[in-house]
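Hi,

Here is the structure I promised to pass on.

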Amino acid sequence: MKTIIQIVLWIACIVFGYLIYKSVTGPIEFKKTKQERYAKVISKLKDIRNAQEAYKTVNGTYAPDFNKLVSFVDKGNYTITQQRDSSFMRFNETYQIDMQVDTIIIDTLGVESVRDSLFKKDDRYKRMMEIPGAANGEKVAMKAAIIDKGGYKAPVFEAKVDKEIVLYDQPKDLLAKEKLEASVEEVNGPAILVGSLEEVSTSGNWPPIYDNKNEQ
């Protein structure tokens, strides 16, 4: 009986020791995994933002879906212009003399491929809607709209990825806590996103650390 009790106690010690170890290392491993996966998703969202900004420059609005956005990057062109100051003489009716009038002249220099400008020879723009590591092949959710801001009709867009898709295989308690983040050092809220359907903004909700990682 004494031997059995000792064995049970040893097993209990091992189990409790393992649980203590996991309670310490679990959050550390979760943070490392989270940052690695977030960096890949954010890189995709930056490509989407760059493509959407180019689309708006040419079309005046944002692309409503990825088919139109990818097609635009693949076939679209920028018009390259040059702005220069100039002036000319105009007769002034009030003073009854010729007076110099300043003006700005915009010269069209040519066109440039959107694809070459943003992605060079890389064709990753064709896959920018794909979420890296998504277990069920989920895609980035993207919408575009026109909102009223003080009487001004402003085009907006939003692209987002739920954290639950990115961290589907992580501990549920840590994931639940992550979805409630509200800190300048973290990705806030339940999703990683860029742009907004409520405000005129093309900013992302990630902290600067992810910009630094992508630049390295």
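Before the rest, some housekeeping. This is a predicted model, where local features need pLDDT of at least 70 and side-chain atom pairs count only at pLDDT 80 or more, while totals for chains, interfaces and linings use all residues. Residues are numbered from 1 along each chain as its sequence is written, and side-chain values use heavy atoms, with hydrogens and water left out.

Back to Gln170, which sits in the loop between α4 (163–166) and α5 (172–178). Helices (H or I, at least four residues) and strands (E, at least two) are DSSP runs, numbered from the N terminus. Leaving aside residues up to four places away in sequence, Gln170 touches Phe30, Thr33 and Arg37 (contact means heavy atoms within 4.5 Å). Its side chain also makes a polar contact with the side chain of Asp169, at 3.2 Å. For that term, a pair of N or O atoms must lie within 3.5 Å; within protein, one must be able to donate a hydrogen and the other to accept it, and residues adjacent in sequence count only if both atoms are side-chain atoms.

Asp169 has a salt bridge as well: its side chain meets that of Arg37 at 2.7 Å, N to O. That pair links distant parts of the chain, with Asp169 in the loop between α4 and α5 and Arg37 in helix α1, 132 residues apart. Asp169 is partly exposed at 41%, and Arg37 is partly exposed at 24%.

A search of the whole structure gives 13 salt bridges (a side-chain nitrogen of Lys or Arg within 4 Å of a carboxyl oxygen of Asp or Glu). Another one to look at joins Glu186 and Lys34, at 2.9 Å, N to O. Here too the pair links distant parts of the chain: Glu186 is in the loop between α5 and β5 (191–195), and Lys34 is in helix α1 (residues 2–59), 152 residues apart. Glu186 is buried at 16%, and Lys34 is buried at 3%.

Asp148 and Lys153 form a salt bridge too, at 3.3 Å, N to O. Asp148 is partly exposed at 45%, whereas Lys153 counts as exposed at 54%. As for shared partners, salt bridges join Lys34, Lys163, Glu178 and Glu186 into one network.

On to the strands. β3 (residues 141–149) and β4 (residues 152–162) run antiparallel and are joined by 9 bridges; two strands pair if DSSP finds at least two bridges between them. Ile147 has Ala154 in β4 as its bridge partner. The two strands form a hairpin with 2 residues between them, and Gly150 in the turn has a positive phi of about 60 degrees.

Another positive phi is at Lys120, near 55 degrees, in a residue other than glycine. Lys120 lies in the loop between α3 (114–119) and β3, and counts as exposed at 59% relative accessibility.

Which strand holds Ile97? Ile97 lies in β2 (residues 97–113) and is partly exposed at 44%.

Cheers

Methods. Buried < 20%, exposed > 50% of the residue type's maximum accessible area, 1.4 Å probe, protein only.
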